[in-house]
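Keep the 3D view open as you read.

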Amino acid sequence: MSVLYCLSELIGSIIFLAGGYAFSAQLALKDTAVNKNRSTTLEAAFAWGSSLALGVMVAAALGGPAALNPAVLLGLLIMGGITGAQFGMLLLMEFLAAGIAVLIVWIFFFNNFKDTVEGSKRGIFAAYPVKMDIPVNFLQELMASAMFIYILFIGLMHNAPATPNMAMGSFAATNAIGATGMVGQFVITLGCIIWIALTYSNTGWSMNPMRSVFSSIWYTILPIQNKDKVDWKYQLIVNLCGSTIGMIIGVVLAVVTKNALGNAGLL
């Protein structure tokens, strides 16, 4: 496992998160152009989707898996696309990337953070729904994550060669989002934008523990001015467990679908 392989996940994740957090900061903080003019869900979807696209392209160009999501890494591990050692190292890169991204946005909007006394800042770095109801939010996050990763992994496995043992690890050849090429990355990004727009009110668009849980840890640690407390109950139950369990379900269903279609001679 090369240094560049690890750095690709770090750099790609920083680009993805810093762009998304910067847009969210301009929504929440005083004296920003976006705050004054407000924003639509579609604009937020394009902001986060574009940030994800840039992060994926850079990470893929550097030779990494371009997962940019702990739950996607877990899916790749289940599929046999990455080893346990790679999973652990890439997960560490994503955790560090979340901290660096939070730090970048805090410094970039330092005076805006200082001048914004009222209002919530935690939502800049973590996803929260419009209507807080943790049992319902958990199911919403689980379903959104499962459906998202199912669609993504069906696409990733589309060109994977069949093997005599059609088991969980039989699709290791397709082990990276970056391996889908420019067209595949564009389709993935477009899908992300659409999915963000559809689920934004219900999940705040998380489906990614790095985007919410890792950043909340750094938000708590760093001496950001006038910050409010993180809702750890929501973060751990919904954004960590909900998204991770949903991703696992989605990956398993994708593999089962691939096996069933393959065995029936339809794929």
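Start with Ile11, which sits in helix H1. Keep in mind that what you're looking at is a predicted model. Is Ile11 buried, exposed or partly exposed? With a relative accessibility of 34%, Ile11 counts as partly exposed, because that value falls between the 20% and 50% cut-offs. Setting aside neighbours within four places in sequence, Ile11 touches Val58 and Leu62. Now look at Ala66: it is 55 residues away from Ile11 along the chain, and the two C-alpha atoms are 9.9 Å apart.

Next, take H1 as a whole. This helix covers residues 3-28 and packs against helix H5 (residues 84-108) at an angle of about 35°, with the axes 7 Å apart. The crossing of H1 past H5 is right-handed. What kinds of residues make up that contact? There are 20 nonpolar residues, along with two polar and two charged ones. In soluble globular proteins, nonpolar side chains tend to be buried together.

That brings us to the largest nonpolar core, a set of 37 residues in which Tyr21, Phe113, Phe125 and Ile224 have the most contacts. Several elements give two or more residues to this core, including H1, H5, helix H9 (181-203) and helix H11 (232-263). H1 provides the largest share, with six residues. A second, separate core has 21 residues, among them Leu74, Phe87, Leu90 and Ala254.

Zoom in on Phe113 and, leaving out neighbours within four places in sequence, you'll find it in contact with Leu29, Val105, Trp106, Ile224 and Asn226, among others.

Asn226 deserves a stop of its own. You'll find Asn226 in the loop between H10 and H11, and its phi is positive, near 55°, in a residue other than glycine. Most residues other than glycine have a negative phi. Leu68 also has a positive phi, about 55°, without being a glycine. Leu68 lies in the loop between H3 and helix H4 (70-79).

How values were computed
Residues numbered from 1 in each chain as written. Predicted model: local features only at pLDDT ≥ 70, side-chain atom pairs only at ≥ 80, totals over all residues. Heavy atoms only, no water. Axes fitted to C-alpha atoms, helices over the stretch in contact; angles between N-to-C directions. Helix = DSSP H or I, 4+ residues; strand = E, 2+ residues; numbered from the N terminus. Left-handed = near helix turned anticlockwise from the far one by under 90°. Nonpolar A, V, L, I, M, F, W, Y, C, P; charged D, E, K, R; others polar. Core = buried A, V, L, I, M, F, W, Y, C linked by side-chain atoms within 4.5 Å. Buried < 20%, exposed > 50% of the residue type's maximum accessible area, 1.4 Å probe, protein only. Contact = heavy atoms within 4.5 Å.
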